[in-house]
Structure formats: C-alpha cells, structure tokens
Amino acid sequence: MDLGLRNKSVIVTGGGSNIGRAIVLGFASEGANITIGDIDAGQAEDTAKLAREQGAASCQVVKTDVTDLASVQAMFKAATDKFGSVDVLVNNVGWDKLMFFTQTDPEFWRKVININFVGNLNCTKTALEIMIPKNTGSIVSISSDASRQGELREAVYGGMKAAVNSFTKTVARENGRYGIRCNVVCPGVTIPKDPSDVGGSSMWSNMADMFTPDQLEKVAKALPLRTIGHPEDIVGAVMFLSSRKVAGYITGQVLSVSGGYSMIG
Ligand SMILES: NC(=O)c1ccc[n+]([C@@H]2O[C@H](COP(=O)([O-])OP(=O)(O)OC[C@H]3O[C@@H](n4cnc5c(N)ncnc54)[C@H](O)[C@@H]3O)[C@@H](O)[C@H]2O)c1
C-alpha cells in the first residue's frame with residue numbers, strides 16, 4: 001500500500017541504532033527524503049548507506065545532540081535546506097540503564113530526564129515552528145510500555161516516557177487546528193537482531209548487562225504473543241501514524257506495540 005510518503009522530508013532522531021535504524025529503513029522503502037539526527041554520526045552513516053540501498057530518495061546524517069536546542073535547530077536547518085521542509089518528525093531518541101530507584105542519583109536522573117523528555121521538547125518545538133506555517137505535519141514520538149505499566153528498575157525513565165505521552169496529547173490538542181497530528185508509539189522489550197545494528201551510544205551496546213538470555217526467555221513467556229520484539233516490529237505503527245493518507249484523522253493517541261504486554265482500553 002502506498003502511504004503517500006514518497007519524497008516527503010522525514011527526520012528520525014536516534015536513527016543510527018536498533019529501533020531508529022529500522023524506522024529509517026521503513027521510510028527508505030517508501031522513497032522518503034530522510035535526515036538522521038544522531039549523536040553517533042558514524043553508526044548513523046552506516047544506517048544512511050543501508051537506507052540509500054533500500055530505496056530512500058535521499059538520506060543525510062546530521063550529528064545532533066537532542067538535549068541541546070542549538071544542535072537540534074541546526075539539524076532542522078539542514079533538513080529544510082536540503083529538502084525544503086520537514087513533513088514528519090520521529091522523536092526516537094531514548095536512553096535508560098536498568099536500576100532500582102534507590103540505586104540511582106541526581107546525576108542519573110538528569111541524564112534520563114534530558115535525553116528522554118527535554119530532547120523531545122527541543123525537537124517538537126523546532127518542528128512546530130516549521131509545520132505551523134505550512135498547516136500540515138506529523139510528529140510520532142517513541143515512548144515505552146514502561147510509561148503505562150510502572151516497570152521495575154525503570155522509575156525515572158517510565159516517568160519521563162509518561163511525560164512524553166501527556167505532552168504529546170496537549171501538543172496534539174493545541175496544533176490540530178494547523179493540520180498537525182501528534183501520536184505516540186510504545187514499544188515493549190525490543191532487542192536488536194544483530195549486534196552491528198546498535199552503536200556505541202546505544203543502551204544495548206552492552207546488552208548482556210541489561211538482560212541475560214534467561215531473563216529474555218522469561219520476558220517472552222510473560223507476553224501474550226510469547227515472543228520478544230525486534231526493531232522491525234515497531235516500524236509499521238510508526239509509518240502508519242506518520243502517513244496523512246492513512247492516519248489523517250488520528251491524533252493524540254498512544255499505541256502499544258509490545259506483543260500484548262500493555263492492553264489499555
Ligand atoms: N529497545 C527497547 O526495548 C525499547 C523499549 C521501549 C521503548 N524504547 C524506546 O525506543 C526508542 C529507541 O530505542 P532503541 O532500543 O533503538 O535505543 P538505542 O539506544 O539502541 O538507540 C538510541 C539511538 O539514539 C542515539 N542517541 C542517544 N543519545 C542521543 C542524543 N542525546 N542525541 C541524539 N542521539 C542520541 C544513539 O546514538 C542511538 O543511535 C527509545 O526512545 C527508547 O526509549 C525502546
């Protein structure tokens with residue numbers, strides 16, 4: 001099905017690794033013009049090469065730190081300079097390290113808050129400044145089922161992802177009048193298929209520290225669909241919500257893509 005994304009200008013933050021990489025390749029297969037904003041430019045360049053091979057109209061990498069507004073503005077300028085506008089923003093950057101709340105300290109909290117929430121604010125604000133005058137646009141933010149479940153060892157991260165969900169609904173209410181749609185996708189545990197799919201700044205770069213094979217098996221058994229997610233499982237929902245052609249009447253929604261882990265009515 002043609003999603004109407006051909007030649008659209010799409011920004012994917014954190015597009016160098018794991019879920020972000022799969023999302024970039026999804027837009028590539030639809031023939032989009034893609035800007036990857038990632039702090040790890042080397043890994044993002046590897047993704048861009050794959051994107052060009054898989055049908056992207058064009059794909060550029062802009063080394064970006066989403067926690068820094070000036071850096072984010074430079075990324076959007078590179079996208080508008082090269083592709084004329086920004087039609088779709090995918091706020092994909094996120095980061096966590098699994099720890100009980102009592103083991104964490106204010107330095108860790110600040111890092112989690114900045115990467116998962118302030119980064120989203122910086123990118124969304126800058127996108128809206130471009131999209132409002134054009135009276136069109138789509139913003140999809142990657143949150144987490146941790147925002148809905150109160151996940152063990154993800155207290156601050158889950159809190160910030162819940163902030164992303166709530167923030168997105170307000171932004172959707174405020175900007176629907178400009179034809180701008182804002183939605184959220186919540187993955188569950190989504191592991192890379194291949195270690196080369198993650199970069200050095202990825203939270204999966206030392207995956208063995210986060211999950212042992214035993215733990216992964218237990219997680220899979222607890223899911224209604226009995227299987228752990230892979231990055232490709234997240235792509236369809238993101239593409240669907242990005243597309244005005246098929247999701248043009250959907251805004252302010254939070255959609256779990258997690259093998260049934262969360263079932264919110
Ligand atoms: N993988 C999962 O199990 C899972 C589950 C739920 C939600 N999520 C969410 O999905 C999204 C993607 O997760 P992932 O597993 O692909 O993560 P990942 O850690 O593999 O990739 C994150 C990417 O963001 C980049 N990045 C990190 N900090 C950055 C910054 N300050 N500025 C710009 N780029 C930065 C990294 O270089 C990397 O390319 C995140 O928002 C994450 O919270 C992931």
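A: In this predicted model, helix α1 and helix α9 (residues 232-242) pack at an angle of about 50°, and their axes are 8 Å apart. That angle makes α1 oblique to α9, because angles under 35 degrees count as roughly parallel and those from 65 to 115 as roughly perpendicular. The crossing by which α1 passes α9 is right-handed. On the α1 side the contact is made by I19, A22, I23 and G26, which meet E232, I234, V235, V238 and M239 of α9. Sorted by class, this contact of α1 with α9 has seven nonpolar residues, together with one polar and one charged residue.

Helix α1 (residues 18-29) and helix α2 (residues 41-53) have their axes 8 Å apart, at an angle of about 25°, which makes α1 roughly parallel to α2. The crossing of α1 and α2 is right-handed. Here R21, V24, L25 and A28 are the α1 residues in contact, and they meet T47, L50 and A51 in α2. By class, the contact of α1 with α2 has five nonpolar residues, one polar and one charged.

Helix α1 lies across β1 (9-13), β2 (33-38), β3, β4, β5 and β6 (180-187), and its direction is at about 170° to that of β1. The sheet in question is an open one of seven strands, in the order β3-β2-β1-β4-β5-β6-β7, and its pairing is parallel. Strands β3 (58-63) and β7 (254-257) stand at the edges, where each has a single partner strand, so one side of each is left without a neighbour in the sheet. From one strand to the next, the twist averages 20°. Within this sheet, strand β4 (residues 88-91) pairs with strand β5 (residues 137-142) in the parallel sense over four bridges, and L89 has I139 in β5 as its bridge partner.

The axes of α4 and helix α6 (residues 155-175) come within 9 Å and cross at roughly 15°, which makes α4 roughly parallel to α6. The crossing of α4 and α6 is right-handed. In this contact W109, V112, I113, N116, F117, N120, T124, L128 and I132 of α4 meet V156, Y157, M160, K161, A163, V164, V171 and N175 of α6, and the residues divide into twelve nonpolar, four polar and one charged.

Conventions. Residues are numbered from 1 along each chain as its sequence is written. This is a predicted model: local features need pLDDT of at least 70, side-chain atom pairs count only at pLDDT 80 or more; totals for chains, interfaces and linings use all residues. Axes are lines fitted to C-alpha atoms, for helices over the stretch in contact, and angles run from 0 to 180 degrees between N-to-C directions. Helices (H or I, at least four residues) and strands (E, at least two) are DSSP runs, numbered from the N terminus. Angles under 35 degrees count as roughly parallel, over 145 as roughly antiparallel, 65 to 115 as roughly perpendicular and the rest as oblique. A crossing is left-handed if the near helix is turned anticlockwise from the far one by less than a right angle, and right-handed if clockwise. Two residues are in contact if their C-beta atoms, placed from the backbone, lie within 7 Å. Ala, Val, Leu, Ile, Met, Phe, Trp, Tyr, Cys and Pro count as nonpolar, Asp, Glu, Lys and Arg as charged, and the others, Gly among them, as polar. Two strands pair if DSSP finds at least two bridges between them.
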